[in-house]
Structures are given as C-alpha cells and as structure tokens.
Amino acid sequence: CESEAMRVWSQWFWVVVEGKTIFEVGKRLGFVEERTEWPDAKTLWSEHIATDKKHWGKPFVIRGAAKNWPIMSTIADDETMLATWGNETFDIVETELKETRTAAQKKMKIAKFLKNYKEKGWYSVATFPKAMQKHIPLPKFFHCGNLDSKMHGAVLWMSGGGTKSVIHNDGQDGLNCQLDGVKHWILWSPKYEKKIQSKKLGWVNAEEDKEFKKAYGSFAGKVDVDNVDLEKYPGWDDLEWYELWMNPGDCLFNPSTWFHAVQGEPGRSQSALVWWFRPKYNPKSCDAAQPYPGNTSLAECVWGHEGEPRSKPTKCRPRKEQIAAAASSMTLPEVEAKLAEAVAAEDFLEAHRLKTQRDALRAAGSKKAGAAGRSDL
C-alpha cells in the first residue's frame, strides 16, 4: 500500500512539476509589431485592420504613448489616487485574480477599493468615472472614418498584480494602455478560429455548458493557463503565437477576434482599455475632417453604442474652447520646431497637441494657396 501510494503521489508530483504554462506550448513567432507614434484613421484601417479579405488585421504596440497622459499623475500611487478620486465609484469589481468568470462582482467607492484590494485580491474592471475620463486623451485615429461612433466603453483594470485571464477573444477592437505595473500577453491569430473554438482545445460556451452555468461568454474554460494538459488538448502545441510585454505607458491595439491571454506580474497594476465595434469605414470622410485638438479627452464623448445595428452612435465632439485653445499664433516653422523638441523630449501629449496645430496650419495654408491660385486665373 505504501509503495502504491508513493507511486500515485510521484505521478501527481510529476504532472505538477512538468506541466507547461501557455507560454511554453506551441510555436512563438516573435514579438508584436511596434510603431513609433499614433496612426491616423487611414493608416490604422489599411495597415492594421484591412490587411486581408477577412479583415483579421494585426496588433501593434506604441512604447510610452500614455506615459504623459494627465491621468498618470492622479493615480501614481494609492495615496494620491485616494485623495483625488476616492469619492468616485467603481461599478464592477471582481473578487478573483485568476479569471474563471464565475466569481462574485461588487460595486463600491474607489476609497473602499483602495483600502482592501491588495489584501482581499480584488480586481477592478470598472468603467472609468466621467471625472477621470477628462484626463485621458482621445487618440487621433478616432476623429474620422466613423470610428468614434462605434465606441462602446472605457474601462480601468486595477489590481495588486498576479492576475491571469482565460484564453478568449473580444468582439470589438480595443486600445489597451498599461498605466502601472507589467503585463505579459500571448496572442493567436484568428486564422486558428475553428481550431481554438472547438472542444478539442477546451473551448466552452458558458450558456450551453452545465459545468460553466455560473460563468458567462465563450472562452477556453477547460484549459489551465498555468498547466496546459497536452494529453487532453494536444492541439495547443501546434499553434503559432506572438508575445508582448507591456510596461507603464505602453499602448496596444488589439484587433477584434484575436485570441489572447494576459498575465499580470506581481505588484500594483493598472490598465486603461477603450473598446469600439468596428464600423463600416468610409475613407472619404477623412479627406475633409480636421484632427481633434490635442486636449480632447474621452469626457467629450457621449457614450451610447451597444453593438446592435440600430443602436444609437457614440458621439465625441471637442468643445469650442478646446478648439480655440488648439489654435496658435505661431507660424508653421515655429510649430514644427516646437514639435521636434517635444518628440526629442518624449513629451508625447505635447507632441500630439503640436501635431494638431501643425496639421491645422498646413490645411489653412493649402486653402489660402488654392484661393490665391483661383484669384490669379
């Protein structure tokens, strides 16, 4: 009996020790593509969405894109965040760090969350309160092509670290910016959709699977990302994947339908996520559209789109005073010189504001030149 018990124990121990994490199976193709600045709407569409007939697109990351966002100074540590935002409310706080989609959800004041989240393992997946949205700039690719009309939500993910998501994909395109802490991503192309969304790879639909009746959505619920059972689900070892490490200030564009799993490193972690349903893109709408002023924020959006065809659109419109503030008495060469200084100093928010001024001055110059040319005829 003793030897039999030892044999069973040793088999169990072998499985635990030798089990592979999701980052140790399949074939790693490399890191997610990096860009040096925000793309405009046309570039986003042509290079990262309409890259193939099925519009699977491809993700990209911009290093440091959010590091100078105004929100950063207000959430830099728990004490500052408590003093600035303590009276605001988180509408959804999950009570587990390793996602199962079955844990209870709570609503609470940010002050209560900050006092308890590290000890109790709470995880905010809350919509940004309106007051906080004023401190998050709107990326310039939303200003035309109907992209802003399909915006669905803006969420703050916050935890004490050590979070682990299930393997899943999203029905919307997403912009994910790391504000604090480090996260480790793994991503699979939608070309594997039929393989991944099958019982052979542990995929479940919570609404149809009794084992997951308390969960929600569709995901690889039978796959443990810490210990992938390749005897049950050997198909995971055949898939190619991309890797991404996100540090504070980094922003990822994650196209809809790309499968992914995310793990947070130990320590305080915050991420901002903006989701939008993919619109019917009209490139001509970008020909005459002026870029948003650099100080336009998420707070200028009236949220409404819910994904249904007849759902009312989200509307993002900068206020008149913001447009006026973006106007500059500087000449085009002066703005371009200031822009070069901001880029060299990695002051991305100021660079975004100056690019807006530069583009406006260029557009105004083109109109004047056109008018002068016509008067000479």
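**Notebook: the disulfides**

I looked up two cysteines to start, and both cysteine 177 and cysteine 251 are buried. I use buried for under 20% relative accessible area, with exposed over 50% and partly exposed in between (1.4 Å probe, protein chains only).

I note that this is a predicted model, where local features need pLDDT of at least 70, side-chain atom pairs count only at pLDDT 80 or more, and totals for chains, interfaces and linings use all residues. Residues are numbered from 1 along each chain as its sequence is written, and side-chain values use heavy atoms, with hydrogens and water left out.

Next, the bonds. A disulfide is a covalent bond between the sulfur atoms of two cysteines. I counted a pair of cysteine sulfur atoms within 2.5 Å as one. How many disulfides does this rule give? I get 2 disulfides.

**Cysteine 177 and cysteine 251**

I found these two joined by a disulfide, S to S 2.1 Å. The torsion about their S-S bond is about 115°, so this disulfide is right-handed. Cysteine 177 sits in strand 8 (residues 173-180) and cysteine 251 in strand 13 (residues 251-254), so the pair ties together parts 74 residues apart in sequence. Strands here are DSSP runs (E, at least two residues), numbered from the N terminus.

**Cysteine 301 and cysteine 316**

I then checked this disulfide, which has S to S 2.0 Å. It links distant parts of the chain, 15 residues apart: cysteine 301 is in strand 16 (residues 301-302) and cysteine 316 in strand 17 (residues 315-316). Which hand does it have? The torsion about the S-S bond of cysteine 301 and cysteine 316 is about 110°, so it is right-handed. Cysteine 301 has 0% relative accessibility, so I log it as buried. Cysteine 316 is buried too, at a relative accessible area of 1%.

Conventions
Helices (H or I, at least four residues) and strands (E, at least two) are DSSP runs, numbered from the N terminus.
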